[in-house]
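Subject: The structure to look at

Hi,

Here is the structure I wanted to pass on to you. Please open it alongside this email, and I will go through what turned up.

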Amino acid sequence: MGESMLGAMAVLMKNFYKYAGTDGDNPSMSKAELRDMLTTEIPDMVGDPEKLKAFFAGMDRDNDGQVSFNEYIVLVGCLMVILKEMMS
């Protein structure tokens, strides 16, 4: 797939299901799964545990204790904005 936009979207989707499936509940990501994904995939962008806790709370828009795929995509967008700011 190379560096195409479609390839990037496929990687994002694959990563969601890779981490969301570790506890057996594949359609959503728990706080622990989100932490594992962030610390493994983008460790330089993960701060202290309290910041991570606040970050999770902000991502869990429906307050169900899980991050759905739609909430994950919002997370990815936010991380892209942060990365853009860091690179500017």
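Let me start with a loop: the one between α3 and β2 holds Asn63. Bear in mind throughout that this is a predicted model. The phi angle of Asn63 is near 55°, which is a positive value in a residue other than glycine. Is Asn63 buried or exposed? With a relative accessible area of 65%, Asn63 is exposed.

Now for the helix on one side of that loop. Phe56 is part of helix α3, and because its relative accessibility is 8%, Phe56 counts as buried. Leaving out residues up to four places away in sequence, Phe56 touches Met29, Ser30, Lys31, Leu34, Gly65, Gln66 and Val67.

Beyond its neighbours within four places in sequence, Met29 is in contact with Phe16, Tyr19, Ala20, Leu34, Met37, Phe56, Gln66, Val67 and Tyr72.

In soluble globular proteins, nonpolar side chains tend to be buried together. Here the largest nonpolar core has 15 residues, and those touching the most other members are Met29, Leu34, Met37, Leu38, Val67, Tyr72 and Leu75. Two or more residues each come from α1, α2, α3 (49-59) and α4. The biggest share is from α4, which gives 4 residues to this core.

Next, α1. This helix has 16 residues and reaches 23 Å from its first C-alpha to its last, close to the 22 Å expected at 1.5 Å a residue. Its buried residues are Gly7, Asn15, Phe16, Tyr19 and Ala20, and they pack against β1 (28-30), α2, β2 (66-68) and α4.

By type, the lining of the largest pocket divides into 12 nonpolar residues, 1 polar and 1 charged.

Have a look when you get a moment, and write back with any questions.

Best wishes

Terms used:
Residues numbered from 1 in each chain as written. Predicted model: local features only at pLDDT ≥ 70, side-chain atom pairs only at ≥ 80, totals over all residues. Heavy atoms only, no water. Nonpolar A, V, L, I, M, F, W, Y, C, P; charged D, E, K, R; others polar. Core = buried A, V, L, I, M, F, W, Y, C linked by side-chain atoms within 4.5 Å. Buried < 20%, exposed > 50% of the residue type's maximum accessible area, 1.4 Å probe, protein only. Contact = heavy atoms within 4.5 Å. Expected span 1.5 Å × (residues − 1).
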